[in-house]
Structure formats: C-alpha cells, structure tokens
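Hi,

Here is the model I promised to pass on.

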Amino acid sequence: MLRAPRCPLRTSVAPAAALAAALLSSLARCSFLEPRDPVDSSLSPYFGTKTRYEDVNPGLLSGPEAPWRDPELLEGTCTPVQLVALIRHGTRYPTAKQIRKLRQLHGLLQARGSRDGGAGNTRSRDLGAALADWPLWYADWMDGQLVEKGRQDMRQLALRLASLFPALFSRENYGRLRLITSSKHRCVDSGAAFLQGLWQHYHPGLPPPDVADMECGPPRVNDKLMRFFDHCEKFLTEVEKNATALYHVEAFKTGPEMQNILKKVAATLQVPVNDLNADLIQVAFFTCSFDLAIKGVKSPWCDVFDIDDAKVLEYLNDLKQYWKRGYGYTINSRSSCTLFQDIFQHLDKAVEQKQRSQPISSPVILQFGHAETLLPLLSLMGYFKDKEPLTAYNYKEQMHRKFRSGHIVPYASNLIFVLYHCENAKTPKEQFRVQMLLNEKVLPLAYSQETVSFYEDLKNHYKDILQSCQTSEECELAKANSTSDEL
C-alpha cells in the first residue's frame, strides 16, 4: 500500500522559519487535525466538489455508522446477488497549488496590516486582522492527501453498506471482495480505510491488521479504469490542454457577478482590488470549506462571504466541472465508456453464474476514484442534464439547475449498482432487476424516473454505449481539421 511519509518538510526558507513550519506541520499531523464534532455553516451547501458528505446526507450527523434504508430499495422475494460501487475518495487536504495561492493571499493580508496601521472600518479591520493571525497550517506535503476525516468517511461508509446489504458483505464473502483504485494516494488510502471499516464490522473491538495481510488483499491499481481521462488523447488535447476549452469559466471570472465579489472582498479585507483575482477569491472560499471538513472549525475565512457570494462561487466551480467533466464536450463523458462497460461485464457475469446455479465469483466490487471519475459517467448515463448549457452569461437562469456538483459528487460520494435475483418471476426477463443508488439514496432511472429496472431493459437502453462506444475510437484524434464539439 502506498504510504505518506511520517513528517516530511519541503522548504527552502530560513532556519527560524523552517523550524516554525516544522512545528506547525507537526501540530497539523497530530491531534490538531483530528476531526471534531461537525460544525455547520450557512455556506456549506455551496462548496461544490469540496462539500462534506454529511452535508448531502444530513441524517448521518446523528448516526454516521447507522444505515438508512431507502424505502424504495427492493426487498421481499428479490435478493441482492451483486453490488458494484464507484466511490470517490474521502475528505482530503488542499492541493499544493491551492496552498500556494492561500499563502499568496495570506501575504497580502499581512502586508495590509503593516501598511494601513489600523485604518478603515472596525469590521474590516477586525476581520482582516483575524485572517492575518489565523494559523496558516497547510503545508506542501499535504498536496491532496487523505485526511483522518477522509478515513473516517470510508470506515463509516463500509459499516453502513455492510449493514444495509448483509448477505453481500457476509464474512463468507470477505475473501471474494474485489477492490480497484486510482493510483493517487487519497484513493489507495480510501480503499484501505474502507477495508478497515469492514474489519470493524466483522470483528468489533479488534484492531485491524495491515491491509496487505487481510484475506481479500489490498486494492489493485487500475488507472485506465479509474483515471480514464488521463488515457484519452482526444480529451487531453481538446479539453485538458486546450486554452480555450474553459472559455465560459474564464469569462465568468471577469463577469459582473465575480467582479462584484472581488470589489466587496477587497473592501472587506482592505487590500487593493488590483491585488486580488477570481482564483484568490475562490481559494479563500475553499479554505473555509477545508477548515470545516478537515478540522470541524468555522474559520474567519467563512465570514468573508455571504450566501449570495457562495452561490456565485458555487456556479464558478460548477462551470468548470460542466465544461471539463460534464456535458460541455461530448468527449468528457464518452471517455468513460470503458468504465461503464466494465460495470456491465461484472453484472453480466453475475447473471450468467446465477442462471447456471453457480456461486457469484465477485459478489462485491468496490472501485475507488475521483469526482472526475463519477461526473463523466453520470453524464454518459444522462443524469443531471439541464435544458440549456451552463454558460458565463446565464447564471441567474441557472439558479435552479440540476447540475450542482456538490450535491452529486461530494467527498466520499458513491454510485452503486445493485443486481437482484427475484424468485417467483413469471418470465426469465423478470428474474434479474437492477437498482442504482447515488450517495446511498435510490437513483431513479434517467430515462423513466422508475426506481428499478429489469436488467435486460437497462442494457437495451444503454445499448449504444455498451456495444458501439469503443474508447480507442472515441479517444483517437482526427487526422486533420479537428475541432471540439461544443454543445
């Protein structure tokens, strides 16, 4: 299993500053970062992909290990025979890029303090001073790694799923669990924490062994499945590395909604507006979310923004997800065909084995990835599609949009396919049915709004993707005159 170094410190600053950074880092790695009781914020619903899982499932606040059974889940004569789950990693640290921007913003605040000598209104002076004095405890080594709260997210999810589907997660099936993961530390560590949660389910009170020594073995890395976007040349060329692909994101940054926030924050913090930009404003907003999610602390960064600001900043984040991972370009979703087909290959095999009265070889398949893994797949399946595309110019018209990334793929988000075998079925077709769950709630079918489908009907609906979507062809660049297919 990949492991983070115990207390790495990468710095080229003066010895005294290095010592201070080391002490701060040491504090950060110890009890200072242990997750506390959840703290609420009026901004919490608007953090986009930085949203806490419990903000999407508020019932977990009172019982994070107790399963909540959706009344739409099948029961009675229909028995679950296989579960395939795509799981986003748990709560993580900011990336190194975000941390550098936060340092830049923190430096502006400290410079302002020495420059203005206390001028300005009392609220601005107090808030600016509080932010300048607020501990900047983020360090470069953190760089998107899983935090203890993220491990807790995974352990608790494991306990809930094992309680919700006891036959599938039985002790007898433990050795037949199949785990796949992205190569990123936060995903590998999420898979390991999930296994530790299952150990807790099977052996209450006993400390878990090392994941490598567990019967089912550690998660297996497969980036072609879990990071398919990194292996799709057309996506990389036309979206990831294309300076104009995120035009609407950049246009919104300079549009009236963001510029109003820019001026407001500059006045509040008493820094020159020309020293700020949309990226710094966004990282300040996300710092509120990171402090809430990682430490359970409502920091002064949360006081910089009100709900109207939060809605605008959420839209900025959603624009990026829409154009880079969602419906903005067809290749965003079509690049996930291999993953979609892999899911149905598992389901097909389980159906075939059940028809032959054979034991299901893989009753539970768990795949650990990213928001960037789930969003393209959900778009491929037709979920959360608005009538009009999200653009830099229709913020007000999209206030009630379906595509809200924080409600779809918060930390620890999960898309689960459950295959059922139903006794007393009148026809062979009626024997096998499928339900999907998003974040542990039954997800109605995108094309009918029904909560359950005959497996054969589900395959027929997605026939084009299952039979005609070949990643090698979808991801191949056109020989000449290649243009992006903007919607």
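This is a predicted model: local features need pLDDT of at least 70, side-chain atom pairs count only at pLDDT 80 or more; totals for chains, interfaces and linings use all residues.

**Helix 11 and what surrounds it**

At the start of helix 11, a side-chain oxygen of N277 comes to within 3.0 Å of the backbone nitrogen of D279. (Helices here are DSSP runs of H or I with at least four residues, strands are E runs of at least two, and both are numbered from the N terminus.)

Residues are numbered from 1 along each chain as its sequence is written, and side-chain values use heavy atoms, with hydrogens and water left out.

Back to helix 11, which covers residues 278-295. Its 18 residues should span 26 Å at 1.5 Å a residue, and the end C-alpha atoms are 25 Å apart, which agrees. (The expected span is 1.5 Å times one less than the number of residues.) Of those 18 residues, 17 are buried, where buried means under 20% relative accessible area, exposed means over 50%, and partly exposed is in between, using a 1.4 Å probe and protein chains only. Just after the helix, G296 takes a positive phi of about 65 degrees.

**The chain as a whole**

The protein chain has 19 helices and 8 strands. Of its 487 residues, 54% count as buried. The accessible surface comes to about 21200 Å², and 50% of that belongs to carbon and sulfur atoms; areas come from the Shrake-Rupley method with a 1.4 Å probe, and for residues only the protein chains shown count as cover. Taking contacts (heavy atoms within 4.5 Å) with a separation of 6 or more, residues 24 or more positions apart account for 80% of them.

**Disulfides**

How many disulfides does a search of the whole structure find? It finds 4, a disulfide being a pair of cysteine sulfur atoms within 2.5 Å. With the bonded cysteines numbered in sequence order, the pairing runs 1-6, 2-8, 3-4, 5-7.

C288 lies in helix 11 and C302 in the loop between helix 11 and helix 12 (307-324), so the pair ties together parts that are 14 residues apart in sequence. The torsion about this S-S bond is about 100 degrees, so the disulfide is right-handed. C288 counts as buried at 0% relative accessibility, and C302 is buried too, at 4%.

C78 and C422 form another disulfide, with their sulfur atoms 2.1 Å apart. This pair links distant parts of the chain: C78 sits in strand 1 (residues 78-88) and C422 in strand 5, 344 residues apart. The link is right-handed, with 110 degrees about the S-S bond, and both cysteines are buried.

C232 and C475 are also bonded, sulfur atoms 2.1 Å apart. Here C232 is in the loop between helix 7 (223-226) and helix 8 (233-240), while C475 is in the segment after helix 19 (471-474), 243 residues away. This link is left-handed, with -105 degrees about the S-S bond, and both C232 and C475 are buried.

**R401**

Is R401 buried or exposed? At 7% relative accessibility, R401 counts as buried, although it is in the loop between helix 15 (371-380) and helix 16 (405-408). Its side chain makes a 2.8 Å polar contact with the side chain of D318. (A polar contact is a pair of N or O atoms within 3.5 Å; within protein, one must be able to donate a hydrogen and the other to accept it, and residues adjacent in sequence count only if both atoms are side-chain atoms.) A polar atom of the R401 side chain also lies 3.2 Å from the backbone oxygen of F403. Leaving aside neighbours within four places in sequence, R401 is in contact with E314, Y315, D318, D386 and L390.

**Two positive phi values**

Most residues other than glycine have a negative phi. D143 has a positive phi of about 20 degrees and is not a glycine. D143 lies in the loop between helix 4 (122-133) and helix 5 (148-164) and is partly exposed, with a relative accessible area of 39%. N424, also not a glycine, has a positive phi near 60 degrees. N424 is in the loop between strand 5 (414-422) and strand 6 (432-438) and counts as exposed at 69% relative accessibility.

Cheers
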